[in-house]
Structures are given as C-alpha cells and as structure tokens.
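Here is a quick tour of one model, with a few things to look at while you have it open. Take your time with the picture first, then read on.

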Amino acid sequence: MSTQTISLPETYEASRPFVEQLHQWVTTVDHKRLGLLYIFYALLFLVVGGIEATIMRIQLIRPLNTFVSPQVFNRMFTMHGTTMIFFVAMPLVFGFANYLLPLMIGARDMAFPRLNAFSFWMTAFGGFLLYFSFVGGDGLYGAGNAPDVGWFAYAPLTSQTFSPGHSTDFWTLSLLVSGFGSIGTAINIIATVVCLRCKGMTLGKMPLFAWLNLTMGGLVIMVVSPLTAAQLMLMVDRYLGGHFFDTQAGGSAVMWMHFFWVFGHPEVYVLVIPAFAFASEIIPVFSRKAIFGYPVMVAATVGIGFISMSVWAHHMFTVGMSSGANTFFVLSTMAVAVPTGIKIFNWLATMWGGQIHFTVPMLFCIAFLFQFLIAGLTGVMQAAAPFDWQLTASYFVVAHFHYVIVGGIIFASFGAFYYWFPKMSGRMYNERLGQLHFWLFLIGFHLTFDFMHVPGLLGMPRRIYTYEPGRGWDIWNLIVTIGVVFQGAGVLFFVANMLWSRFRGALAGRDPWDAWTLEWSTSSPPPDYNFARTPEVRSRRPLWDLKHPEDPDWHYE
Amino acid sequence: MSTPSVTIREDDLGWNLPARGPVAMYCVIGAEVAMFTIFVVAYIFYIGKSATGPQPRDVLHVPIFLTICLLSSSMTIHFAVRFLRSGRMASFGVWWLLTIALGLIFLLGTLREWRELIAEGLTIQTNLFGTTYYSLVGLHAFHVTVGLLALTTVLIFTLRGDVGKQHTERTEVLSMYWHFVDVVWIVVFTLVYIIGR
C-alpha cells in the first residue's frame, strides 16, 4: 500500500506534561481516541457491574444468607442490569465501531467528529448520573439511594407512590441522556458508512463489519428513540403529575411494558449484531479463508434487523395478551432464529476446510459460536408461549439472556479486544496470559450459566434476595457462585495482559495477522490522519489483492 | 482562446457518494418518527379513557388558521431555498423571514390555546386526555421552537451578510427538518382535533 509512515520518536507522545495529555483526551474529536475512550469507559463499568453481580452471587451462595439486605439486593440487580446494558455493552460496541469503521472503509475520520465527541460525553455523563444516585438519590424522604426498580422498571413501581425520593429520577434521566448519545453515535455510524467509503468500495465490497454496524446504527435509531419517548412519559408522570402509567386515573401499566420492550428486545440485536461483526472479521482471518456466503450474510443481518423489531411482546406472554397477539409474537420470535441460524452455518462453512489458527481471538470466537447457538436454542424454547408461561421470570430466563450477553456478546468482544489490540496499541498481547484468560473465563462462564438453568427449571424466581433450604436449589446456587470466581480471575488476567502488553509487548507492526481489511494497511497505532493517501479498493479483501497481485480477489467477485 | 484540456479518469466520475448532511438529517427524522410514533400510539390508546372530564369535545377548537400558517411555512421555506440556490439573497431573506413569522404565529397560537385550556380547567394533571394532549402537542411545539431557533440563527447570519449561495445545501438540510415538523403536525392535527374529538 502506498501509505507512508511518518514515525515520530516514541518519546514525543510520552514526554508531554500530564495535564496537556489529559486536555488532549478530553477535547479530542479524533475517532480513534473517542473509540478508545468508549472502550475504557465500558471496561471501567464492566468491573463495576461485575462487582454488583458478585455481591448478588455472594448473597445467594447459600439459603437464608444475610450478606446484604433485601433493599441493597434490589439496588444491585437494578444497577447491574442497567450498567451492563447501557454503560458496558453499548459503549463497547460503539467504541469498536468508532475506532474501526473509518479505518476499514478507508476514511480519515467519522462523518461528524464533533457530534462523535458530544455523543461520547453524553453517554459518559449518563453513567455518571446513574452512579451519582448512590450519593444524591436519597432525596428528602430517606427513601433509599440507588434505583431499585429493576432494569426494565415496570409501572407502577416507578410512580411517586412506590418510588419516593430521587432514585428512579436518576435512573430515567441517565437513560435519557445516554440515549441521546447513542442516537448521535448511530447517526454518525450511518453517515460514515454511507458517505465516506473510499473509492471503489461499493456496498457489496464493504467489509462485513461495516455492513453489520450499519444495520446496528439503523436499529439504534429505530429503537432507542421509543425508549427516549417512554422516559419522557415517565418524567411527565413523575415530575408533572401526568397519568400515562397511572392505573388509578385510567392509565395503563402494560403500556410501559410495550414501550420498554419495543426498545428492550431489539436492543439485544443492537448489541449482538456488532458481536457478529467481530466474529465475521476474526473467523475468516484465522481460518485463512474468505468469508463464506457474503451476500447471504448481509441479507441475514438486515433480515435480523427487521424481524427483531416485531418480536418484543414475547417478554409479555404472561401479561394476558390476546391469543392472536401471542401467536404472532411466538411465530415472529421463532422466525428470527432462521437468519441467525444462516449466519452460524456461514461461519462454520468459513471454518470448514480452512487452516484454523487457534489464537486467543479465534478461541473466543469459536466459543462464541457454540455458546450463541445454545443461547439461541433456549431462546427458541421460550419463544413457545406455553413454555414461557411456566418459566418466565425464573432463573432459566436469567441463564438464557446471560448466555446471549456473556456467552455471545462478551466472548466475541474479548475476541475483538485481542484481535485489534495490536492495531490499537502497536504491540502484541501475551499469548499465554490470553489463553489463561480464555480457559478461566470459559470454565467460569459454563459453571455459572450452564448450572443457572437448573434452579430456574426447578422454579427459582429471579430477583429474590434469598430462599429457604430444602427446595433443591442450594447446590446449584453454590456452583453458580463458584463460577464467578473463575470469571473474575479470567478478567484479572485480561486486565493484566492488556496493561503489561501495552508497555512491554513485542512490537506488532502493521499487519501481525496477515489480514485483509484496510485497517491493517496503515501503521499500528494508526496516525491521526489514518491514511497518507486514501486507498482505492477493487474487492472485499484489498490487502489480499495487494499481497497477491497475481491472483487478486476481484477476478472472482 | 484555447481551452485547457483536463483529463478526467473514467472511474473518478463514477465515485459519487451522498452528502453527509442530508443522510444525517434523514437519520434524525427517522429517530424523531420513532419517538412521535410512541406518543401517537399512547394518544390513540387513551382516547376516551379519561376517568374524569373535561373531554376533548368540550374544550378543543380546531385551529384551522394556525394549521394553514404552519403548512404554508413549508412552502415559503421551499421558495427561500430556491432563491438562495440562484443567489438572489434579498428574496431569500424575505421568504426566510416569512417562514419564521408563520412559525412564530403558530407557536403563539398554541400558547394562547393552552392558556384558554388551562383557564377552562384542563392541565396535564387533570386526566388522561390532558396528559396525552399536552405531551403530544407540547412535543411538537418543542420541535417547532427548535426549528425557529435554527431558522433565526440563519436569519441573523443572513442579515450580517454571511450567508451565500454556497450554503444552499446546509439550508436545505434545515428545510428538511422544517418539512418534517409540518408533516408531524398533519398527523397530530388529524389525530387530536379530528379523530380524537
């Protein structure tokens, strides 16, 4: 590639005074720095949310435990859910999209750099607001500090009557604020992909990563806005004395459920589609084969995007909808499994016959494949309304969606961390520490979430702060909590690996994986301007063409 | 006079991506549509469900004049942008000012309507009708206000002589937003003053 590297002396960056460096990070509009800020921010909250989960698991390790009070337990599951979705998973996928999209499509920055910075700081402020509730949430009523209404905050629990004080206000405001940030970033992602592709990169030649994030951006726009609207209604109820969700004045609590899940279910796809994007980049590179069925992958992704917006009420089978509505949502939910299944087969077909390199990112992606499959299968089980009537709001559901989010999204994200770490830091991670992280996390994950299905099947409801002995739940809860130790240890190795490798790792060079997309054509870490000359592409694997001029891809596409 | 020959490579011509401004505005409009949909659905769902009065037909009057004002402002802004494109700045300024005036009349009319309604005993706290009415119409009025602020900003720059032909695309993006606000009003008007009454 004709990119020229202008290498500044290593000391140039480091020798600046700390305040100046901090100022640069705070005022930056560069997509790479904002991407990293998003990722750091997500990792910070991952630890916080993890601590909250650990507190819950310690409380549930044995029957009639008194580690925390019921009130604190309620706050923990609310904060854990809200944090993990809005301040870990969302910033994480936005961070990677921010960092990688312009590099992958051969652009110098996102379409709206200042909007990008604005969106990040809105999200950051939202997280701050949520956690400030621990200090400021009491209000005048001595009513408990942090939000304790559950992450989907069903009415009428959120009304002034049942949530006095300010804790729910902090919850709703923080989601509103971070929602604006999400919409801003989504607009940016779409505009970047649509308007800034380098020459020759037609829609059919974009990396799958760009396609999937484009779909994700569209989904965010269509589904985060309803959440914003619902939060506005909740605020009208709480601050202005409105009656949207006030059943005594004729309002409807079920309305809130619909509005929340219109957001809540597609949100899962907002998060998992970028995870698909990571897998779609990593699996081909480490199988040494081009992705199998590119057009089908694109079609399946867009199909998932559309279908996912019509499945929300499968969260509400027990509410008492009409049988017509139940049937519709059963069928649409099962239908979403079809394009998802297509994707799984495509990844398998990509690996089939390939020279698989079992590096850490690939290991995480393989685990992602199997775990996401199981998560999807338990999802289809619960899509059947009668099955759901039996198991809704039990630990089976908790196990299912953690299988999706941890087993699917977090595993793929860890894969992405390791895969792009050399690009972002310029240095290689430590393979042995990475393997240790993988195996510990894998064991911990399966200990926790495989066995969590069982107490659910045995009837243990979610969100209870304790339980009586002799119901057959004890041993399962013990195993589940033990798994947390392994996961925590795995994450510690991850953090240690990142920190150590950032300063001591071997230099990575431009293209340590012999990969094919444009981000590997520039130096690691990339310069501020990304490409000295904006590239031109003729196929989906521009670097392959460059390395193999005798047999370029565009002969076949 | 000799014409300088410029070589244009064929594939350079073919590489034309959409401008980022309109694309982003379509996205904003998409997000806004989703948000208004939720409020509209809530309004429809709660029609006739108020436990106490006043009911819509007791207090609401169809604001035909205001509707005409707002909808015609879509036309005036369209003309304004057309004049800007052809560089006729004076005409642009007049039509732009007219757009702002029409929007302002609409907003003041809404204000008057609300004051009358409050005097008749309908507030956001009174009943479900009050809650949904003030939220939906208020959300729209908020968008009109934001639009007016943006339009006024452009007017100030125009009066200072900073706006020229080269800003056509930007004003076009703003006019897209303004058209959207008008279209939303058609929905709100039909729902609140015709179906809901």
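Helices here are DSSP runs (H or I, at least four residues) and strands are DSSP runs too (E, at least two), numbered from the N terminus. Keep in mind that this is a predicted model, where local features need pLDDT of at least 70 and side-chain atom pairs count only at pLDDT 80 or more, while totals for chains, interfaces and linings use all residues. Residues are numbered from 1 along each chain as its sequence is written, and chains are lettered from A and ligands numbered from 1 in the order in which they are written.

Ala153(A) sits in the loop between α5 and α6 of chain A, and despite not being a glycine it has a positive phi of about 45°. Is Ala153(A) buried or exposed? Ala153(A) is buried, with 23 other C-beta atoms within 10 Å. For the cut-offs, buried takes 20 or more other C-beta atoms within 10 Å of the residue's own, exposed 12 or fewer, and partly exposed is in between, with C-beta atoms placed from the backbone. Leu64(A), also not a glycine, has a positive phi of about 55°; you'll find Leu64(A) in the loop between α3 (31-59) and α4 (70-104) of chain A. Leu64(A) is exposed, with 8 other C-beta atoms within 10 Å.

| Cis peptide bond | Omega |
|---|---|
| Ala155(A) to Pro156(A) | near 0° |
| Ser524(A) to Pro525(A) | about -15° |

Pro156(A) is in the loop between α5 (113-136) and α6 (167-195) of chain A. Pro525(A) belongs to the loop between α15 (474-504) and α16 (542-547) of chain A.

Now for helix packing. In chain A, the axes of α7 (residues 208-240) and α8 (residues 253-287) come within 8 Å and cross at roughly 165°. That makes α7(A) roughly antiparallel to α8(A). Axes are lines fitted to C-alpha atoms, for helices over the stretch in contact, and angles run from 0 to 180 degrees between N-to-C directions; under 35 degrees counts as roughly parallel, over 145 as roughly antiparallel, 65 to 115 as roughly perpendicular and the rest as oblique. The residues of the contact of α7(A) with α8(A) split into 23 nonpolar, three polar and two charged. Nonpolar covers Ala, Val, Leu, Ile, Met, Phe, Trp, Tyr, Cys and Pro, charged covers Asp, Glu, Lys and Arg, and the others, Gly among them, are polar.

In chain B, helix α5 (residues 89-119) packs on α6(B) at an angle of about 150°, with their axes 10 Å apart. That makes α5(B) roughly antiparallel to α6(B). The contact of α5(B) with α6(B) has 13 nonpolar residues, eight polar and no charged.

What does chain B bring to chain A? The contact takes 26 residues from chain B and 29 residues from chain A, where two residues are in contact if their C-beta atoms, placed from the backbone, lie within 7 Å. On the side of chain B that touches chain A, α2 (20-46) and α6 (128-159) of chain B each supply at least two residues. α2(B) gives the most to that side, with 13 residues. The residues of that side of chain B divide into 18 nonpolar, six polar and two charged.
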